[in-house]
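User: I'd like to learn how to read a few features of a protein model. Could you walk me through one, step by step?

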Amino acid sequence: MSQGTDQVFVHPTAEVEEGATIGDGTKVWHLAHVRSTARIGGGCVIGRNVYVDSNVVIGDLCKVQNNVSVYQGVTLEDEVFVGPCAVFTNDFRPRAQNPDWQITPTLVRRGASIGANATLVCGIEVGSYAMIAAGSVVTRDVAPYQLVAGNPARPKGWVNEKGEVVSRDPATPPPGLGQG
């Protein structure tokens, strides 16, 4: 494991494979597993029983709560929140045996929040500061600052950078949203 100069905390029951990169001030909790080519930024919290697969990139100041598997092909930019038991996929046509299998990437932009037990189907982009409600099944891209909920997830309004709902109009973001 390579790390910066500040202390990185790795719980004794966690497994961080040689070659993984973990930034300053990150905490990796009980029973987590970080693969050798994963990159985790600084100031992150990786919760209990989190799996961070090969080649995954997690930015700075992210929180990945308990029981989340972040599979190959998933990129979390800075300040992303992933609630407990959220699910990422990386295969559109999963089979136990498929020699032609290819990873389908998913990108979660800066400041986005993913609620507990949400499922994100691969091949989507979640925009900056978007909010995905708990239990949602996300099958399409989510716009920046958009609030989505349901199965399948549908637009329900707009949130600001603090996560406060600023509009319940699912179609049109309020003027000035995202202007700082």
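Analyst: Happy to. Let's start with a cysteine: C62 is buried, with a relative accessible area of 0%. Keep in mind that this is a predicted model.

User: How many disulfides does the structure hold?

Analyst: A disulfide is a covalent bond between the sulfur atoms of two cysteines. The structure holds zero of them. For C62, the nearest cysteine sulfur belongs to C44 and is 4.7 Å away. A disulfide would need the two sulfur atoms within 2.5 Å. C85 is in no disulfide either, and the nearest cysteine sulfur, that of C62, is 18 Å away.

User: Is C85 buried or exposed, or in between?

Analyst: C85 is partly exposed, at a relative accessible area of 31%.

User: Now the sheet, please. What is the order of its strands?

Analyst: Strands of a sheet pair through backbone hydrogen bonds, either parallel or antiparallel. Here, 10 strands form an open sheet with mixed pairing, in the order β2-β5-β8-β11-β14-β17-β20-β22-β23-β24. β2 (9-10) and β24 (165-167) stand at the edges with a single partner strand each, so one side of each has no neighbour in the sheet.

User: Which strands show me the parallel and the antiparallel sense?

Analyst: Look at β22 (residues 146-149). With β20 (residues 131-132), strand β22 pairs in the parallel sense over two bridges, and M131 has L147 as its bridge partner. With β23, strand β22 pairs in the antiparallel sense over four bridges, and there A149 is partnered by R154. The hairpin of β22 and β23 has four residues between the strands, and G150 takes a positive phi near 105 degrees. Next, β23 (residues 154-159) runs antiparallel to β24, joined by two bridges, with V159 opposite V165.

User: How many aromatic pairs are there, and how do I describe one?

Analyst: A pair of aromatic rings is described by the distance of the centres and the angle of the planes. A search of the whole structure finds three pairs. In one of them, the ring centres of F9 and W29 are 4.8 Å apart and the planes are at 50 degrees, so the pair is tilted. F9 lies in strand β2 and W29 in the loop between β5 (27-28) and β6 (33-34), so the pair ties together parts 20 residues apart in sequence. F9 is partly exposed at 29% relative accessible area, and W29 is partly exposed at 30%.

User: How are the rings of Y129 and Y145 arranged?

Analyst: Y129 and Y145 are stacked, with 5.5 Å centre to centre and 20 degrees between the planes. Both Y129 and Y145 are buried.

Methods. Residues are numbered from 1 along each chain as its sequence is written. This is a predicted model: local features need pLDDT of at least 70, side-chain atom pairs count only at pLDDT 80 or more; totals for chains, interfaces and linings use all residues. Side-chain values use heavy atoms; hydrogens and water are left out. Two strands pair if DSSP finds at least two bridges between them. Buried means under 20% relative accessible area, exposed over 50%, partly exposed in between (1.4 Å probe, protein chains only). Rings of Phe, Tyr and Trp (its six-membered ring) pair if their centres lie within 6.5 Å; planes under 30 degrees apart count as stacked, over 60 as edge-to-face and the rest as tilted.
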